[in-house]
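Biologist: I am new to this model and would like to learn how to read it. Please start with the pairing of strands.

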Amino acid sequence: MMMNFIKKHKLAISLVGVLMLAIATIGTIAYFSKSFTSDKNVAVAAKFDVEAVNGNGETIGNRQFDLGEDLIPGMETIEAYSFQINKNNTTLPVEYMVNLEPSGKLFGNNSPIELTLQRSINNQWVDVDYSTTFRPESDTESYRILVDWPHSDNDIDFQGAKGNIKLEVVASQVDPEEEPAGPPYYTGDIIFKATPNGSTRTTTNKEVNFYINDQGYKVIEVTMGDGTSDFENKVGDFKVIESVENGTTWYRVYTDKEYYASETQIWRTSVVDTSTNGVLYFDKTLAPFLSIESQVLYDWFLAN
């Protein structure tokens, strides 16, 4: 009887078996898959390792120098203090602010004491403002503070007077500096020492134009705009024009004002130092020089 049931329902049983096999197969379908894991990855913040140190390499702090009673009328200029700002391992773009703040009766109104802050630029000591902000051109920036007491009519009023000199150095991270699209293009610092014993004048952010003239020589033109500083008043707009004489390439400076405003007064040099990226340094004998900071001008000058 059982055999008859099986034979009678053989087709149904077969279909059920096939269906169960199909369901089992569907339930075990898998796709190729691989998994990768990366752990213990280290993220390190960039180093900001700027420091200001004195002549002994020690971080500057309070009471770094004491002039005592060394200040007298008619004294020779003395270097009261020197310090350096070291970038060390810092890879971020930075900006330095150096602030020199004299106070007290010794440095009060009508004081004959002359306090000078100088920065070393291309191995030349250049007077800078008591408060100055700039982006460093090298890993180490050097400064010094000079003190002088030339004779005056009121020297006696300052006998025994005391004063204080506060020095502040601030290093700050800044955004990367991008050359602005141009023209017009604008410079960074411009420094001009016209004569061996003359003043060193500085300015910044001036429009600069450069081209090859009809004779095939380089021409650089700098305009002052609306500035009213000593540079604008004493030097004014200026040009640097290339020429060749007896096989020597010369660069002559023409200024709108003072010494070199005419053909009869000549300031020229055959030496251009391009060792500092982004800076053209026209080096004249016996210490005079003209320095122009501009990456786009620098690149053009080297390419031509």
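Modeller: Strands of a sheet pair through backbone hydrogen bonds, in a parallel or an antiparallel way. Here strand S14 (residues 238–245) pairs with strand S15 (residues 248–255) in the antiparallel sense, over eight bridges. Two strands count as paired if DSSP finds at least two bridges between them. Helices (H or I, at least four residues) and strands (E, at least two) are DSSP runs, numbered from the N terminus.

Biologist: Which residue is the bridge partner of glutamate 242 in S15?

Modeller: Tyrosine 251 is the partner of glutamate 242.

Biologist: What should I know about the model itself before going on?

Modeller: It is a predicted model, in which local features need pLDDT of at least 70 and side-chain atom pairs count only at pLDDT 80 or more, while totals for chains, interfaces and linings use all residues. Residues are numbered from 1 along each chain as its sequence is written, and side-chain values use heavy atoms, with hydrogens and water left out. The protein chain has four helices and 19 strands.

Biologist: What is the strand order in the open sheet of six strands?

Modeller: The order is S9-S12-S13-S14-S15-S16, with antiparallel pairing. Strand S9 (185–186) and strand S16 (267–269) are the edge strands, each pairing on one side only.

Biologist: And what is the order in the open sheet of five strands?

Modeller: That sheet runs S11-S10-S19-S18-S17, again with antiparallel pairing. Its edge strands are S11 and strand S17 (272–273), and each pairs on one side only. Within the sheet, strand S18 (residues 279–283) and strand S19 (residues 289–293) are joined by five bridges. Phenylalanine 282 has leucine 290 as its bridge partner in S19.

Biologist: Which helix lies across S17, S18 and S19?

Modeller: Helix H4 (residues 295–303) does, at about 65° to S18. For such an angle, axes are lines fitted to C-alpha atoms, for helices over the stretch in contact, and angles run from 0 to 180 degrees between N-to-C directions. Contact means heavy atoms within 4.5 Å.

Biologist: How do I read a nonpolar core?

Modeller: In soluble globular proteins, nonpolar side chains tend to be buried together. A nonpolar core is a set of buried Ala, Val, Leu, Ile, Met, Phe, Trp, Tyr and Cys residues joined through side-chain atoms within 4.5 Å. Buried means under 20% relative accessible area, exposed over 50%, and partly exposed in between (1.4 Å probe, protein chains only). The largest core here has 26 residues, of which Phe192, Ile220, Phe238 and Leu290 touch the most other members. H4 gives the largest share of this core, five residues. A second, separate core has 23 residues, including Leu71, Ile113, Phe134 and Ile165.

Biologist: What does phenylalanine 192 touch, not counting residues up to four places away in sequence?

Modeller: Its contacts include Phe231, Val235, Val253, Trp267, Phe289 and Leu290.

Biologist: Why is strand S7 (residues 140–148) described as largely enclosed by the rest of the structure?

Modeller: Eight of its nine residues are buried, so the rest of the structure largely encloses S7. S7 pairs with S2 in the antiparallel sense over eight bridges, and phenylalanine 83 has tyrosine 143 as its bridge partner in S7. Strand S4 (residues 114–121) also pairs with S7 in the antiparallel sense, over six bridges. In that pairing, leucine 115 stands opposite valine 147.

Biologist: Is threonine 203 buried or exposed?

Modeller: Threonine 203, in strand S11, is buried at 10% relative accessibility. Its side chain makes a polar contact of 3.3 Å with that of glutamate 232. A polar contact is a pair of N or O atoms within 3.5 Å; within protein, one must be able to donate a hydrogen and the other to accept it, and residues adjacent in sequence count only if both atoms are side-chain atoms.

Biologist: Last, how do I read a positive phi?

Modeller: Most residues other than glycine have a negative phi. Asparagine 88 has a positive phi of about 50°; it is found in the loop between strand S2 (78–86) and strand S3 (94–103). Asparagine 88 is partly exposed, at 33% relative accessible area. Asparagine 205 has a positive phi near 55° and is found in the loop between strand S11 (200–204) and strand S12 (207–212). Asparagine 205 is exposed, with a relative accessible area of 53%.
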